[in-house]
Amino acid sequence: MQISVVIPLLNEEQSLTELYNWIAKVMRSNSFSHEIIFIDDGSTDDSWKTIEALVENDKAVKGIKFNRNYGKSQALHAGFLRAQGDVIITMDADLQDNPEEIPELYQLIKEKGYDLVSGWKKKRYDSVISKNIPSKIFNAAARKTSGVKLHDFNCGLKAYRKEVIKNIDVYGEMHRYIPVLAKNAGYSKITEKEVQHQARKFGKTKFGAERFLNGFLDLISIWFLSKFGRRPMHLFGALGVLMFIFGFISAGWIGISKLYKLYHGLPNVLVTSNPWFYIALAVMIIGTQLFLAGFLGELILRSKREKERYLINKTTSNL
């Protein structure tokens, strides 16, 4: 199979049939062998009924329904597990991504040899204040922190070589940083393609302003995990030892200074009256705690077990 189109969705009943017809037309005109996987992330409208109707008419359509809303990352994870195509295309279900981009995205993966091609919505139809400006700031921070030179990390329209999506773990809200996850996994042939962005035709966006705050927090998390996720002792242990040594030397100096003054009959104060005593004590305690945090992190890392992150309520019979 050449292409798997993976589409996470939440309450997109009105757009699904039109989106399917558009994708199917592109696939037929290019003679692509394909599958279209819809992941219903806990919709409360009739999205799942629409998906079931599409499956009845076309066995290339497949569906997964979550028990409740778990988030876009979990939906993508479920779709990636079941995708069989040589190239996996992800897109949003709100008709803002253009399926006409699929053939060129496919060629960039198959003919140019890229591991991942990310869409770049250079011209956007979103609100300038609430989306465009925050998005530019967010993307600039992501480029600087990750070293991945993309203009639009959060674009839903992306293409992946099958090997990439089978070897990265999309969790939490890390769908924004799949290119970074891919780079950290060793897939460095990453590029971007300018794609057409379309105004939303039905409904309203499912993401509020809090996604940018969450995005920055996730960016910090992914930076930390890429650096120290497999060796927490290297950070916490090193900081703990340095702080403990600093506190120990400070406490030693206070003690030596006290003995020196007593021996020579010089005026002195109680050790507990010296502010450096409390600084040294606090630093030693914090250093010990950091060391223990690193040690516990190593133990947790070695004993963790994979656990299901979402519950699938239904799948279509052809999946």
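Biologist: Which residues line the largest cavity?

Modeller: This is a predicted model: local features need pLDDT of at least 70, side-chain atom pairs count only at pLDDT 80 or more, and totals for chains, interfaces and linings use all residues. Residues are numbered from 1 along each chain as its sequence is written, and side-chain values use heavy atoms, leaving out hydrogens and water. A cavity is a set of points, on a 1 Å grid over the protein atoms alone, where a 1.4 Å probe fits but cannot get out; lining residues have an atom within 4 Å of a point. The lining consists of Lys-72, Leu-76, Thr-90, Phe-153, Asn-154, Cys-155, Gly-156, Lys-158, Tyr-160, His-175, Arg-176 and Ile-178.

Biologist: Which elements give two or more residues to that lining?

Modeller: Elements here are DSSP runs numbered from the N terminus: helices (H or I, at least four residues) and strands (E, at least two). Two of them meet the mark: helix H3 (72-82) and strand S6 (158-161).

Biologist: How many nonpolar, polar and charged residues does the lining have?

Modeller: Asp, Glu, Lys and Arg count as charged; Ala, Val, Leu, Ile, Met, Phe, Trp, Tyr, Cys and Pro count as nonpolar; the others, Gly among them, count as polar. By class, the lining of the largest cavity has 5 nonpolar, 4 polar and 3 charged residues.

Biologist: Lys-72 is in that lining. Which residue meets Lys-72 in a salt bridge?

Modeller: A salt bridge needs a side-chain nitrogen of Lys or Arg within 4 Å of a carboxyl oxygen of Asp or Glu. Here the N to O distance is 2.9 Å. Lys-72 sits in helix H3 and its partner in the loop between strand S4 (87-90) and H4, so the pair links parts 20 residues apart in sequence. The partner is Asp-92.

Biologist: Is Asp-92 buried or exposed?

Modeller: Buried means under 20% relative accessible area, exposed over 50%, and partly exposed in between (1.4 Å probe, protein chains only). Lys-72 has 16% and is buried. Asp-92 has 17%, so Asp-92 too counts as buried.

Biologist: Which residue pairs with Lys-62 in a salt bridge?

Modeller: Side chains of opposite charge can pair when their charged atoms come close. For Lys-62, the N to O distance is 2.7 Å. Lys-62 lies in strand S3 (residues 61-66) and its partner in strand S2 (residues 34-40), so this bridge ties parts that are 27 residues apart in sequence. The partner is Glu-35.

Biologist: Which residue forms a salt bridge with Asp-40?

Modeller: The closest N and O atoms are 3.8 Å apart. Asp-40 belongs to strand S2 and its partner to strand S3, so the bridge joins parts 25 residues apart in sequence. Both residues are buried. The partner is Lys-65.

Biologist: Which helix gives the largest share of the nonpolar patch?

Modeller: Helix H9 (232-263) and helix H10 (275-303) each give two or more residues. The largest share, 6 residues, comes from H10.

Biologist: What is the C-alpha separation of Ile-165 and Ile-178?

Modeller: Ile-165 is in helix H6 (residues 162-165). At 4% relative accessibility, Ile-165 is buried. Ile-178 lies 13 residues away along the chain, and the C-alpha separation is 9.0 Å.

Definitions and conventions. 1 Å grid on protein atoms, 1.4 Å probe; cavity = no way out; pocket = protein on both sides within 12 Å on 5 of 7 lines; lining within 4 Å.
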